Amino acid sequence: MADRRSRSISSRKQPQQARSNGLVAVILDAAVQVLAKEGAQRFTTARVAERAGVSVGSLYQYFPNKASILFRLQSDEWRRTSELLRDILADRTKPPPARLRAVVHAFIRSECEEAAVRVALSDAAPLYRDAPEAQDARAAGEGIVATFMQEALPKSPDATRALAGVLIKTTLSEVGKNFSEEARSEAEIAAYADAMADMFCDYLARLARR
């Protein structure tokens, strides 16, 4: 069953022309709207096609089923998150604590801005989370964090750096998701991000002193 699911989550074909790119963009935009409004349980290809103003047959030219649409939305989100991490954590003009603080603020703000879709995608994760494509997409973000940890904890054992990276990445993701499930003010977002950044920076400082 897992093999069948993993084979079917990739897009059926890649758009080659501007018109096709435009159609895929319309479908994905409609999918975001349906997902935010209806949630993962009521998300269907028929609803997406109706919202996009296209036939189900046209949708199936690019996406074989709803899992493939959801995976595309999730992989796009993973790509944006990886780019955010890379842009901030790879900036060696700033010391590691400053980079870590900046990435926490950027990530928490991003979570709050796209909360409805992120929560729905999380609910839909069983449809695609075990597929090879999903594992490859997640690995990209893990590599960025691992490189940063080598700079932040240059004298620490590999196992210590790996554990620290997993703890920070997992905590940031899970706590950020829970925090963003309610509407938050700018002041609340800033205060929450500051507190989390303080916790992470203190943790790395203690590890560095060992």
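How much space lies in the second largest pocket, and which residues line that pocket?

Modeller: Keep in mind that this is a predicted model, where local features need pLDDT of at least 70, side-chain atom pairs count only at pLDDT 80 or more, and totals for chains, interfaces and linings use all residues. Residues are numbered from 1 along each chain as its sequence is written, and side-chain values use heavy atoms, leaving out hydrogens and water.

The second largest pocket holds about 150 Å³ of space (a pocket is an open set of points on a 1 Å grid over the protein atoms alone, where a 1.4 Å probe fits, with protein on both sides within 12 Å along at least five of seven lines; the volume is the space filled by probe spheres set on the points, which are joined across faces, edges and corners). Its lining (residues with an atom within 4 Å of a point) is made of Leu28, Val32, Leu73, Asp76, Arg80, Glu114, Val117, Arg118 and Leu121. Two or more of these residues come from each of α2 (18–38), α5 (66–89) and α7 (115–124) (helices are DSSP runs of H or I, at least four residues, numbered from the N terminus). By class, five lining residues are nonpolar, none polar and four charged (Ala, Val, Leu, Ile, Met, Phe, Trp, Tyr, Cys and Pro are nonpolar, Asp, Glu, Lys and Arg charged, the others, Gly among them, polar).

Now for how α5 and α7 sit together. They pack at about 120°, with axes 10 Å apart (axes are fitted to C-alpha atoms over the stretch in contact, with angles from 0 to 180 degrees between N-to-C directions). That makes α5 oblique to α7 (under 35 degrees is roughly parallel, over 145 roughly antiparallel, 65 to 115 roughly perpendicular, the rest oblique). Leu70, Leu73, Gln74, Glu77 and Thr81 of α5 meet Arg118, Leu121 and Ala124 of α7 (contact means heavy atoms within 4.5 Å). That contact has four nonpolar, two polar and two charged residues.

α5 also packs with α6 (residues 96–113), at about 155° with axes 9 Å apart. That makes α5 roughly antiparallel to α6.
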